[in-house]
Amino acid sequence: MNPEILAELKPKIREVGLQHGVVNRVRNLIANSKPNPEKLFVIEGIWAHNKAVMTDLPVVSFVICPEYIYTPESEALVRHFATLVDEIYVVSAKTFDRFSERDKPDGLLSICRFPVRHPDDLNLPENACVVVLDGLEIPGNIGTIVRTCDGANVDAVLVCNRRARLSHPKVVKGSMGAAFRIPIVEFNDGVDCSAWLREHGFSIYLADTRAEKAYYEHEYKGRCALIMGSERYGIHKEWYQHDYNMLMIPMLGICDSLNVGVAASILIYEASLQIKGMK
């Protein structure tokens, strides 16, 4: 790293070691091993920090390893993130290697706060498409679905009967940064979520292998909500207490279902493309 930049940032720099509190916090967040009421998570590397800049992600702590910072892009990011924090924590390569998850670290790491949004924050169009994740348990599946929602221009992701932290490292990585951008709103259960959707004029579509109609036989228009159930138990019964549509993906081989992330991708693109007038 250019010594002139270090000299420029010296008033903010604090050199710390492996036992420092911020390093322990990084390791705990990566391991997902402690309570996390603040919904904090870790991002590492040039790509992730560029995504954080694009989405104005709230930054709590910034950690750098000057020995691994050698490109103009990295140095520009150091300057930018230095404006967002009161202190810059500097660690040695040996310390950085202890918590880095990259084979070739870029020397950049931040603790960020997961964006918390509420139903009242949503400003949805009349042709909105939202995806509801009901009781999903595997963080990687959640991240994959959020990534698909971003790609298909879904308007929001709603989560109910939550079984995994939205700030889980595998949710963040699986979403490839989409979790920073797309609105994600959490409800306590399907009752509250269903009531909110009906109040706001949504047609509800349940992904259910018992459906008589395939997903491509439906006409999606107006405001539509796709409900994806948990990997083990499917959709909670509370979703079947009011008006709903059921849809399924034909299975032509020996397997009776798809991974929920794969299934969600198929349904999301069909519904969103129709709703957005692209099909």
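**Ground rules.** Since this is a predicted model, local features need pLDDT of at least 70 and side-chain atom pairs count only at pLDDT 80 or more, while totals for chains, interfaces and linings use all residues. Numbering starts from 1 along each chain as its sequence is written, and side-chain values use heavy atoms, with hydrogens and water left out.

I looked up the strand order and found an open sheet of five strands, 1-4-3-5-2, with mixed pairing. Strand 1 (13-15) and strand 2 are at the edges with a single partner strand each, so one side of each has no neighbour in the sheet. On average, neighbouring strands are turned by 25° against each other, direction ignored. Strands and helices here are DSSP runs numbered from the N terminus (helices H or I, at least four residues; strands E, at least two). Two strands pair if DSSP finds at least two bridges between them.

I then checked strand 3 with strand 5: they pair in the antiparallel sense over five bridges. S61 has I111 in strand 5 as its bridge partner.

Helix 2 lies across strand 2, strand 3, strand 4 (88-90) and strand 5, at about 95° to strand 2. Helix 4 lies across strand 3, strand 4 and strand 5, at about 140° to strand 3. The angles are between N-to-C directions, from 0 to 180 degrees, with axes as lines fitted to C-alpha atoms, for helices over the stretch in contact. Contact means heavy atoms within 4.5 Å.

Which residues of helix 3 (residues 46-55) are buried? I noted I46, A48, H49 and A52. They cover an arc of only 165° around the axis, which puts them on the same side of helix 3; the arc is that of the directions from the helix axis to the C-beta atoms. Their cover includes strand 2 (40-44), strand 3 (59-64), helix 4 (72-82), strand 5 (108-113) and helix 8 (178-181). Buried means under 20% relative accessible area, exposed over 50%, partly exposed in between (1.4 Å probe, protein chains only).

Just after helix 3, D56 has a positive phi of about 55°. K39, in the loop between helix 2 (21-31) and strand 2, has phi near 55° and counts as partly exposed at 26% relative accessibility. N161 sits in the loop between strand 7 (156-160) and helix 7 (169-175). Its phi is near 50°, and at 9% relative accessibility N161 counts as buried.
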